[in-house]
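Have the viewer open as you read.

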Amino acid sequence: MARVVSALRIGPHEIWPPIVLAPMSGVTNRTLRALYKPFGFGLTVTEFVSSNALQFGSKRTMEMIDQHGLEQPVSTQLWGNDPAIMAQAARVVRECGADIVDINFGCPAPKVTKTEGGSACLRDVDRCEAIMRAVVAAVDCPVTVKMRLGWSETDLVFVEVAKRGQAVGVQAVTLHARTAKQFYRGSADWERIAELKRAVDIPVIGNGDLADPHLALQRMRASGVDAVMLGRATLGNPWLVSELRALMQGEAPAPHPPAAQRLRFAVVHYQTMVAELGEARAVPQMRKHLSYYLKGFYGASELRERVMRTLSAAETLEAVQQTIAQLEAAPERAVA
């Protein structure tokens, strides 16, 4: 079947399929990126990293930008409010293997915005431009930006920031079509994403409310964007990416896997995290991941409550394996 959309091009990188994994704090570590990449992500993005923290080279911060090599190309996302520090951070992550450096003008979390980082940068368009200019000058790889519409409904600056970014050498922009003040409330405004695509010549990546593969492709084609970015909707459901990739290739998506198969992948995810991080770190981190996988089948809520209280990997995996056996023995109970 013929592809129904084109590959995304950012600098020297031809990205197929044009599906990007969103940066998510505490989530998109190298383990998840490597595990989810084969489902159909053309580009993966790290957790967003503090440019200030990179100055000190802490083990935790360096882990955030580490790669397996399996998930390439990788975009490393930075946040901060000082052009010089952001430029230095960009040089560091480039030396550590970033294929693309992405600037975060989108995070609405108070711990970020209280230091004038993330989406708070959108309150000062001149500072946004200074940061973009400094980062572009600092590295020999493409620089991109992820942003929101603006700080509030009364100050929508997304077109101006994107145009200024294009002028200083930014090579693509991702728009999450909500304001910072909205957080994740309401609906993403895809008319604004289409407006941005009409306003600039660099690639535009649309983000927000793409939990259905058919809707994602529909919005991509209607808005004219060059790619879509998927985030929270893929957690515990990377098959969403496979389904969207199939549609982009002009194919019918495979049926969504049954609950037992989804849980078997959750076990692989769990075991990989334990192997890479050690049990003491992996067990608490995997609780949130398991909560995403444990949905949509009979007994899911009870199992979710149980694994939230387990203290060891063996105990957790035993509970999940028991559920897999029960689901395979009684497939009619696989749907809640």
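## H11 against H14

H11 passes H14 in a left-handed crossing. On the H11 side, the residues making the contact are Ala259, Ala260, Leu263, Arg264, Val267, Tyr270, Gln271 and Val274. H14 answers with Ala313, Thr316, Leu317, Val320, Gln321, Thr323, Ile324, Leu327 and Glu328. Sorted by class, the residues of this contact come out as eleven nonpolar, four polar and two charged. Keep in mind that this is a predicted model.

Now the geometry. Two packed helices are described by the angle between their axes and the distance between the axes. Helix H11 covers residues 259–277 and helix H14 covers residues 313–329; they pack at an angle of about 165°, with their axes 9 Å apart. Angles over 145 degrees count as roughly antiparallel, so H11 is roughly antiparallel to H14.

## H9 against H10

Next up is the pairing of helix H9 (residues 213–223) with helix H10 (residues 239–248), which pack at an angle of about 50° with their axes 9 Å apart. That angle makes H9 oblique to H10. The crossing of these two, H9 and H10, is right-handed.

Which residues in H9 and H10 meet? From H9 come Pro213, His214, Ala216, Leu217 and Met220, and they meet Leu240, Glu243, Leu244, Leu247 and Met248 in H10. By class, the contact of H9 with H10 has eight nonpolar residues, one polar and one charged.

## Aromatic pairs

On to the rings: the count comes to six aromatic pairs. One of them joins Tyr36 and Phe265, with 6.3 Å centre to centre and 40° between the planes, a tilted arrangement. This pair links distant parts of the chain, since Tyr36 sits in helix H1 (residues 30–36) and Phe265 in helix H11, 229 residues apart.

## A buried histidine

Last stop: His289, found in helix H12 (residues 279–293). With a relative accessible area of 3%, His289 is buried. Leaving aside residues up to four places away in sequence, His289 touches Val27, Leu32 and His269.

Conventions: Residues are numbered from 1 along each chain as its sequence is written. This is a predicted model: local features need pLDDT of at least 70, side-chain atom pairs count only at pLDDT 80 or more; totals for chains, interfaces and linings use all residues. Side-chain values use heavy atoms; hydrogens and water are left out. Axes are lines fitted to C-alpha atoms, for helices over the stretch in contact, and angles run from 0 to 180 degrees between N-to-C directions. Helices (H or I, at least four residues) and strands (E, at least two) are DSSP runs, numbered from the N terminus. Angles under 35 degrees count as roughly parallel, over 145 as roughly antiparallel, 65 to 115 as roughly perpendicular and the rest as oblique. A crossing is left-handed if the near helix is turned anticlockwise from the far one by less than a right angle, and right-handed if clockwise. Contact means heavy atoms within 4.5 Å. Ala, Val, Leu, Ile, Met, Phe, Trp, Tyr, Cys and Pro count as nonpolar, Asp, Glu, Lys and Arg as charged, and the others, Gly among them, as polar. Rings of Phe, Tyr and Trp (its six-membered ring) pair if their centres lie within 6.5 Å; planes under 30 degrees apart count as stacked, over 60 as edge-to-face and the rest as tilted. Buried means under 20% relative accessible area, exposed over 50%, partly exposed in between (1.4 Å probe, protein chains only).
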